[in-house]
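Dear colleague,

Please find below the structure that I am handing over to you. My notes on what was found in it follow.

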Amino acid sequence: MWRSRTNRDRKTVVCIACGESVLRADAREYDKEGNRWDRHGKEFEHLCKECYRELCHQPREDLESLLLGIEQDGLARDEFLDRYFAAVEKRYGSAEERDR
């Protein structure tokens, strides 16, 4: 027979956002790849429910590739943001174009 899942959820995990220790049952899994259903070979990080609620839950399909395309060691924050806005505008058009 299958064992009860209740024992597994008595373990504590640390929220990656606030650092609080919470019961696993009181936490949400976070997968930086955005696909928590593909579980093979992954170790998940966790968020407490309060921090999880504060996350943006919008799709982020192309975000990682866009960020990797502009990322560079030692890049100043202002330069990174300039590159980010230019890459978004190139890929999706300007905000003014999208609002039309």
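Is leucine 81 buried, partly exposed or exposed? Leucine 81 is partly exposed, with a relative accessible area of 28%, where buried means under 20% relative accessible area, exposed over 50%, and partly exposed in between (1.4 Å probe, protein chains only). This residue is found in helix 3. Leucine 81 and isoleucine 70 lie 11 residues apart in sequence, and their C-alpha atoms are 9.4 Å apart in space.

Please note that this is a predicted model, in which local features need pLDDT of at least 70 and side-chain atom pairs count only at pLDDT 80 or more, whereas totals for chains, interfaces and linings use all residues. Residues are numbered from 1 along each chain as its sequence is written, and side-chain values use heavy atoms, with hydrogens and water left out.

Overall architecture

The protein contains 4 helices and 4 strands; these are DSSP runs numbered from the N terminus, helices being H or I with at least four residues and strands being E with at least two. Along the sequence, the order is β-β-β-β-α-α-α-α. Of the 100 residues in the protein, 19% are buried. Among contacts (heavy atoms within 4.5 Å) between residues at least 6 apart in sequence, 32% join residues at least 24 apart.

The nonpolar core

In soluble globular proteins, nonpolar side chains tend to be buried together. Here the largest nonpolar core has 7 residues, namely Val13, Cys15, Val22, Ala27, Leu47, Cys48 and Cys51. A nonpolar core is a set of buried Ala, Val, Leu, Ile, Met, Phe, Trp, Tyr and Cys residues joined through side-chain atoms within 4.5 Å. If its neighbours within four places in sequence are left aside, valine 22 is in contact with Lys11, Thr12, Val13, Ala27 and Cys48.

Cysteines

How many disulfides does the structure hold? The count is 0, a disulfide being a pair of cysteine sulfur atoms within 2.5 Å. Cysteine 18 is in no disulfide, and the nearest cysteine sulfur, that of cysteine 15, is 3.7 Å away. Cysteine 51 is likewise in no disulfide, the nearest cysteine sulfur being that of cysteine 48 at 3.5 Å. Cysteine 18 is partly exposed at 43% relative accessibility, whereas cysteine 51 is buried at 14%.

Charged and polar side chains

The structure has 2 salt bridges, each defined as a side-chain nitrogen of Lys or Arg within 4 Å of a carboxyl oxygen of Asp or Glu. One of them joins the side chains of glutamate 29 and arginine 24, at 3.2 Å from N to O. Glutamate 29 counts as buried because its relative accessibility is 14%.

Arginine 24 also takes part in a polar contact of 3.4 Å with the side chain of histidine 46. A polar contact is a pair of N or O atoms within 3.5 Å; within protein, one must be able to donate a hydrogen and the other to accept it, and residues adjacent in sequence count only if both atoms are side-chain atoms. Histidine 46 is found in strand 4 (residues 45–48) and is buried, with a relative accessible area of 11%. Leaving aside its neighbours within four places in sequence, histidine 46 has contacts that include Val13, Cys15, Arg24, Ala27 and Glu29.

A salt bridge also links arginine 83 and glutamate 79, whose closest N and O atoms are 3.1 Å apart. Both residues lie in helix 3 (residues 77–92), 4 residues apart, about one turn of the helix. Arginine 83 is partly exposed at 30% relative accessible area, and glutamate 79 is partly exposed at 34%. The side chain of arginine 83 is joined to that of glutamine 72 by a polar contact of 3.0 Å. Glutamine 72 lies in the loop between helix 2 (63–70) and helix 3 and is partly exposed, with a relative accessible area of 46%.

Finally, where is lysine 42 placed? Lysine 42 is in the loop between strand 3 (27–30) and strand 4, and is buried, with a relative accessible area of 19%. Lysine 42 and aspartate 31 are 11 residues apart in sequence and 8.6 Å apart in space, C-alpha to C-alpha.

With kind regards
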